[in-house]
Amino acid sequence: MRRTMKPNHRYSNLFILVAICSILFNAAKACHGFAFQSSTTTDTSSKSPIQANDKILVFGGTGGVGQLVTRKLRARENNYNVCVVARDAVKAKEILSVDDIDVIELNLVGDAKATDNELQSAMEGCTGIVISVGTTAFPTKRWQGGNTPQAIDEEAVSRIAKIACDIPTLRRMVLLTSVGVSRTSEFPFLILNLFGVLDAKRVGEDAVKAAATSSWFSYSIIRPGRLVGGPYTNLDLAKLFKVEGGASNGVTVESGDTLLGDCKRDVTAEAVVQCLENIECNDIECE
């Protein structure tokens, strides 16, 4: 008996929608890079950046940007003690291919997600935290196991930020989100936010800022545009067609949530490291 496989029209339609969004997003792009918005109330005298030999904890260290951040930190001459939080420690070490990086096996979502005590234990002794977690904006297989934008960008990031308030050694937290978090009613972000990914990222940003305000550590929030260039980990057209672009056109710096366009993963990763290391990046939002 021959069985005929029927196409999954739900995901076919979603792929078409994602493709259209991607084409329109790039057709409308005005610039490539980041915008830096400094806090007018920042007291930089009491908030020093990370130092040599410090412990840096990276959430999402096996993602596209996270991999590059991890490798860049290890390549620095500061001899940072880099530690990555990942769901699968064995897989993480295979992806990173770096022997002297510690991996803490924790899950941020689902029924087996880490407890507050486990998260706090992972953060103990760290002076810098990088949060480079995320999932797809539209429903895909990556949403399985509860890996939705609300679970990752909102709940998990908020938990990390809240627990970080109990880490006395922490001096800097860097969060990676996305352009458009404050422009969800504008095109093309109203389409990209159909399933609430930008809303979730905005809640995560607010949680980090609130935690830093009530505690002793400073923050930097980086909002890149569509990520292009390897490592290709997202399920989008940039991966399908191996889109490079982005950094070849230079870097534009402006204030506020105003930019639109691509950003190379390597440039984004370098921005993360620079925000960790430089006191000028205290309490800023970078796009």
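Modeller: Let's start with burial: buried means under 20% relative accessible area, exposed means over 50%, and partly exposed is in between, using a 1.4 Å probe and protein chains only. One heads-up: this is a predicted model, where local features need pLDDT of at least 70 and side-chain atom pairs count only at pLDDT 80 or more, while totals for chains, interfaces and linings use all residues. Residues are numbered from 1 along each chain as its sequence is written, and side-chain values use heavy atoms, leaving out hydrogens and water.

Biologist: Okay, so why is Asp-283 called buried?

Modeller: Its relative accessibility is 8%, and the cut-off for buried is under 20%, so Asp-283 counts as buried.

Biologist: What makes the phi of Asp-283 worth a remark?

Modeller: Most residues other than glycine have a negative phi. Asp-283 isn't a glycine, yet its phi is positive, about 50°. You'll find Asp-283 in the loop between helix 9 and strand 10 (284-286); helices (H or I, at least four residues) and strands (E, at least two) are DSSP runs, numbered from the N terminus. Asn-79 is another non-glycine with a positive phi, about 55°, and its place is the loop between helix 2 and strand 3 (81-86).

Biologist: Is Asn-79 buried, exposed or partly exposed?

Modeller: Partly exposed, at 49% relative accessible area.

Biologist: And how do you know that the peptide bond from Phe-187 to Pro-188 is cis?

Modeller: Its omega is near 0°. Pro-188 is in the loop between strand 6 and helix 6 (189-192).

Biologist: Next label: why do Asp-54 and Arg-171 count as a salt bridge?

Modeller: The rule asks for a side-chain nitrogen of Lys or Arg within 4 Å of a carboxyl oxygen of Asp or Glu. For Asp-54 and Arg-171 the N to O distance is 2.7 Å, so the pair passes. Asp-54 lies in the loop between strand 1 (36-38) and strand 2 (55-59), and Arg-171 in the loop between helix 5 (149-164) and strand 6 (172-176), so the pair ties together parts 117 residues apart in sequence. Asp-54 is buried at 12%, whereas Arg-171, at 22%, is partly exposed.

Biologist: How many salt bridges does this rule give?

Modeller: The count comes to 11. Among them is Lys-72 with Asp-266, at 3.3 Å from N to O. That pair links distant parts of the chain: Lys-72 is in helix 2 (residues 64-75) and Asp-266 in helix 9 (residues 265-277), 194 residues apart. Lys-72 also forms a salt bridge with Glu-270, again with 3.3 Å between the closest N and O atoms. Lys-72, Arg-76, Asp-266, Glu-270 and Glu-277 are linked in a network of salt bridges.

Biologist: What makes helix 2 and helix 9 oblique to each other?

Modeller: They pack at an angle of about 50°, with their axes 8 Å apart. Axes are lines fitted to C-alpha atoms, for helices over the stretch in contact (heavy atoms within 4.5 Å), and angles run from 0 to 180 degrees between N-to-C directions. Under 35 degrees is roughly parallel, over 145 roughly antiparallel, 65 to 115 roughly perpendicular, and the rest oblique. An angle of about 50° falls in the rest, so these helices are oblique.
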